[in-house]
Amino acid sequence: MVFDNYAKYYNLLYKDKDYNSETDYVQSLIKQYAPTQAKTLLDIGCGTGLHAYYMAQLGYQVTGIDSAQEMVNQALEKKIPNADFHVENATSFSLDKKFEIITSLFHVLSYQTLTQDALDMIQNASAHLNEEGIFIFDFWYGPAVLTEKPSVKVKRLEDDEIKVTRIAEPVLKINENIVDVNFELVIQDKPNNQFSVVKETHPMRYFFKPEIELLLDRAGMYPVYFNEWMSGNTPSASTWGVCCVATKKRN
């Protein structure tokens with residue numbers, strides 16, 4: 001399963017990710033599009049709970065779900081006030097409550113490589129959303145993937161205990177709208193000077209605006225915001241990440 005072994009090194013690999021600024025960006029979208037005084041938030045694909053941590057700091061009651069047990073374990077270890085975490089699949093989870101805000105960040109939708117899975121995830125989000133609620137999600141944007149093409153990337157990070165070198169080798173499957181990202185992690189245990197290797201393939205689906213509009217329509221929703229992640233600019237051929245805010249159709 002994706003993230004089974006990768007999860008152990010997730011926080012180190014993304015320690016340079018600016019969760020605080022991303023939370024401010026999401027908060028600005030909530031203020032603009034969510035119901036006044038909205039406080040209940042579901043985070044689909046919560047990972048190790050860092051977005052949840054910052055959202056809880058702002059006073060939201062957060063429920064986080066992720067399909068990777070190790071990710072959820074790390075989220076629970078943070079003991080975040082006003083937050084609970086559960087192992088659930090984005091396409092099939094069933095909770096006994098609805099939410100005013102649902103988020104799904106860091107390209108969780110792009111991990112749904114089958115069209116039916118992407119639709120199931122969006123329909124499931126809609127089913128757990130209050131009538132006036134909003135769904136905020138991001139994804140890989142097709143025009144940039146096809147224009148700039150994925151390339152090999154190497155990332156090196158370390159802490160007091162380990163040093164990690166991550167090599168990401170992408171394979172573009174142009175007829176499937178998928179990029180297979182082949183990760184190889186070389187981990188050095190610094191105190192013992194021992195090395196281990198972890199290999200995982202993360203298939204990533206890239207989407208185009210008409211696809212997103214169709215999927216949302218099938219789920220009884222429509223987009224009220226469709227812009228470049230963080231900047232808010234109109235997406236272009238160099239925009240790899242797009243953020244969408246969707247709400248339910250009004251009868």
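1. Start with Phe 139 and Phe 207, which are both buried (buried means under 20% relative accessible area, exposed over 50%, and partly exposed in between, with a 1.4 Å probe and protein chains only). The two ring centres are 6.1 Å apart and the planes stand at 85 degrees, so this pair is edge-to-face. For ring pairs of Phe, Tyr and Trp (its six-membered ring), centres must lie within 6.5 Å; planes under 30 degrees apart count as stacked, over 60 as edge-to-face and the rest as tilted. Phe 139 belongs to strand β5 (residues 129–141) and Phe 207 to strand β9 (residues 194–207), so the pair links distant parts of the chain, 68 residues apart. Helices (H or I, at least four residues) and strands (E, at least two) are DSSP runs, numbered from the N terminus.

2. A word on the source: this is a predicted model, in which local features need pLDDT of at least 70 and side-chain atom pairs count only at pLDDT 80 or more, while totals for chains, interfaces and linings use all residues. Residues are numbered from 1 along each chain as its sequence is written, and side-chain values use heavy atoms, with hydrogens and water left out.

3. Ring pairs join Phe 135, Phe 137, Phe 139, Tyr 141, Phe 207 and Phe 226 into a cluster. One of these rings, Phe 226, also has Lys 209 over its face, at 5.2 Å from the ring centre. Elsewhere, the charged end of Lys 39 sits over the ring of Tyr 60, 4.9 Å from the centre. A charge sits over a ring if NZ of Lys or CZ of Arg is within 6 Å of the ring centre and within 35 degrees of the ring normal.

4. How many aromatic pairs does a search of the whole structure find? The search gives 12. Among them is the edge-to-face pair of Tyr 14 and Phe 106, at 5.1 Å centre to centre with 80 degrees between the planes. Tyr 14 is in the loop between α1 (10–13) and α2 (19–33), and Phe 106 is in the loop between β4 (99–104) and α5 (115–127), so this pair ties together parts that are 92 residues apart in sequence. Tyr 14 is buried at 15% relative accessible area, whereas Phe 106 is partly exposed at 24%.

5. The axes of α5 and helix α7 (residues 209–218) come within 9 Å and cross at roughly 55 degrees. That makes α5 oblique to α7. Axes are lines fitted to C-alpha atoms, for helices over the stretch in contact, and angles run from 0 to 180 degrees between N-to-C directions. Angles under 35 degrees count as roughly parallel, over 145 as roughly antiparallel, 65 to 115 as roughly perpendicular and the rest as oblique.

6. On cysteines, the whole structure has zero disulfides (a disulfide is a pair of cysteine sulfur atoms within 2.5 Å).

7. Finally, a backbone detail: Lys 79 has a positive phi of about 50 degrees although it is not a glycine. Lys 79 is in the loop between α4 (69–77) and β3 (83–87), and is exposed at 71% relative accessibility.
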